[in-house]
Amino acid sequence: MKEIELKLKGHISRLTNKTFKFDERVGEGWFSAVYFLKTKELAEKYKSDDTVTMQFFQKKHAVLCGTDEAIALVHTFSENPESLTIHSLKDGDRVSPFETVLTIEGKYQHFGFLEGMIDGILARRTSVATNVYNVVKAAGISGKQKPVIFMGDRDDHFTQQAGDGYAAYIGGSTAQATHAMNEWWGKQGMGTMPHALIQLFDGDIVAATKAYQETFPEDDLITLVDYNNDVITDSLKIARAFGSDLKGVRIDTSRTMIDQYFLRNQHVLGSFDPRGVNAELLFALRKALDEEGFHHVKIVVSGGFNEERIQSFEKQGVPVDLYGVGNSLLQIHHGFTGDNVLLNGKPQAKAGRRYRPNPRLERVEFVPYN
């Protein structure tokens, strides 16, 4: 594993910890498409003195992320990186369809084999950042911004957590589920209790919460209350037991389950879907907590939330204080393309592509750490 600390002049990054870890086989072309490797060999043999300009773009409105990582990759594995001229936008910049976000000028054989990896970095990081941005925006349409916790640890390979967590931070997520997700921006993972903890206490939610409080007294006390599929009963039980110490309850009811509240109150059933974490259940929960004076207890929801579902909740005024979101934030919706568009400073590109200069791009220079 090769680590690089990135310090860039004229490229103000939001990163607080600029350490990237790369597999050393990148330099051997292990992760590059074979046709790039063959082109590298041919460029060395026949066009060794020519220079190309490669530009990168995608086709939607997006929150850009991955530029620092991509530049670090180029700096680490290109030949003679000091000979390359790089211009880039910054992580967190809002970009338009077809807007050029990064250009690299130099000899093709020095960096061209990294094209696919650069595309992949920008695609994944920008997709996650944009997905999170859209979810955070949806969580604020009621006029009050609700925090969003990034809970994508179980939805993808664990090796992606650091980069995904950083991209989620760029997109506006206020907390991440694991320490690894916070590695690139200097925070700690945030979490309360899983269903497994309640199971260890034989389904006794009060006993599990008491053990948690005694062991982690500095944490905000937020209890998971759907274990017994009786959210309102267990929320009141916890609120009565812990009073002002209880900061919130989290509901994570499966979309295949109907809470016991509806089985006891079948008269409230109507045209809505009573499965999972639904608006009617949360309205009833808020009412029950408030009627007993537990106005301070916040409601946290998770399980299958995405931009559309959060928008629906917010438009209905559903009493949610914080959203936990996972799988939907990891969907790749922004594919990047790298094109060679200039040859020795003159236009030369495949049909349908052309050099698109962007005055927003900043020149990037590498500055050695002292």
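Me: Why is tyrosine 35 called exposed?

Reply: The model is a predicted one, in which local features need pLDDT of at least 70 and side-chain atom pairs count only at pLDDT 80 or more, while totals for chains, interfaces and linings use all residues. Residues are numbered from 1 along each chain as its sequence is written, and side-chain values use heavy atoms, with hydrogens and water left out. A residue is buried under 20% relative accessible area, exposed over 50% and partly exposed in between (1.4 Å probe, protein chains only). Tyrosine 35 has a relative accessible area of 57%, so it is exposed.

Me: What makes phenylalanine 36 buried or exposed?

Reply: Its relative accessible area is 11%, and therefore phenylalanine 36 is buried.

Me: Why is the pair of tyrosine 35 and phenylalanine 36 called edge-to-face?

Reply: Rings of Phe, Tyr and Trp (its six-membered ring) pair if their centres lie within 6.5 Å; planes under 30 degrees apart count as stacked, over 60 as edge-to-face and the rest as tilted. Here the centres are 4.8 Å apart and the planes stand at 80°, so the pair is edge-to-face.

Me: How many aromatic pairs are there in the whole structure, and why is the pair of phenylalanine 20 and phenylalanine 22 called stacked?

Reply: A search of the whole structure gives ten aromatic pairs. For phenylalanine 20 and phenylalanine 22, the ring centres are 6.2 Å apart and the planes are at 5°, so this pair is stacked. Both residues are buried, and together with Phe77 they form one aromatic cluster.

Me: Why is helix 4 called oblique to helix 5?

Reply: Helices (H or I, at least four residues) and strands (E, at least two) are DSSP runs, numbered from the N terminus. Angles under 35 degrees count as roughly parallel, over 145 as roughly antiparallel, 65 to 115 as roughly perpendicular and the rest as oblique. Helix 4 (residues 115–138) and helix 5 (residues 161–171) pack at about 40°, with their axes 7 Å apart. That angle is why helix 4 is oblique to helix 5.

Methods: Axes fitted to C-alpha atoms, helices over the stretch in contact; angles between N-to-C directions.
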